[in-house]
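User: Before I rely on any labels in this protein, I would like to hear the criterion behind each one. Could you take me through them in turn?

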Amino acid sequence: MSAKGKPVHFLDKTPGKKEKNAIVAWESLAREKAGALYAHWNYAADKKIECYHLNRSYMQCQASATPCLPGK
């Protein structure tokens, strides 16, 4: 399952903001598709975050992972 986060301006130097946006989007999608118990990035398997330039001004990240139950 994968989800794209909100774009972030390249001048925004907030540490981890692009990645956090992608994780929030992934958790929202996981909650919608698999249920609230599966919507935790920390428990997901095969986690991957890829970031890229959308254009000259913005970057975006995509979070991909398999939703898992806590402790599994």
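Analyst: Helices (H or I, at least four residues) and strands (E, at least two) are DSSP runs, numbered from the N terminus. Asparagine 21 has its place in helix H1. This is a predicted model, in which local features need pLDDT of at least 70 and side-chain atom pairs count only at pLDDT 80 or more, while totals for chains, interfaces and linings use all residues. Residues are numbered from 1 along each chain as its sequence is written, and side-chain values use heavy atoms, with hydrogens and water left out.

User: Why is asparagine 21 called buried?

Analyst: Buried means under 20% relative accessible area, exposed over 50%, and partly exposed in between (1.4 Å probe, protein chains only). Asparagine 21 has a relative accessibility of 19%, and therefore counts as buried. With contact meaning heavy atoms within 4.5 Å, and leaving aside its neighbours within four places in sequence, asparagine 21 is in contact with Gly5, Lys6 and Val8.

User: How do you know that the span of helix H1 agrees with what its residues should give?

Analyst: The expected span of a helix is 1.5 Å times one less than its number of residues. For the 18 residues of H1 (residues 17-34) that should be 26 Å, and the end C-alpha atoms are 25 Å apart, which agrees. H1 is followed by glycine 35, whose phi is positive, near 110°.

User: What makes cysteine 51 and cysteine 61 a disulfide?

Analyst: A disulfide is a pair of cysteine sulfur atoms within 2.5 Å, and the sulfur atoms of cysteine 51 and cysteine 61 are 1.8 Å apart, so the pair meets that criterion. The torsion about their S-S bond is about 95°, so the disulfide is right-handed. Because cysteine 51 lies in strand E3 (residues 45-53) and cysteine 61 in strand E4 (residues 58-66), the pair ties together parts that are ten residues apart in sequence. Cysteine 51, at 33% relative accessibility, counts as partly exposed, whereas cysteine 61, at 0%, counts as buried.
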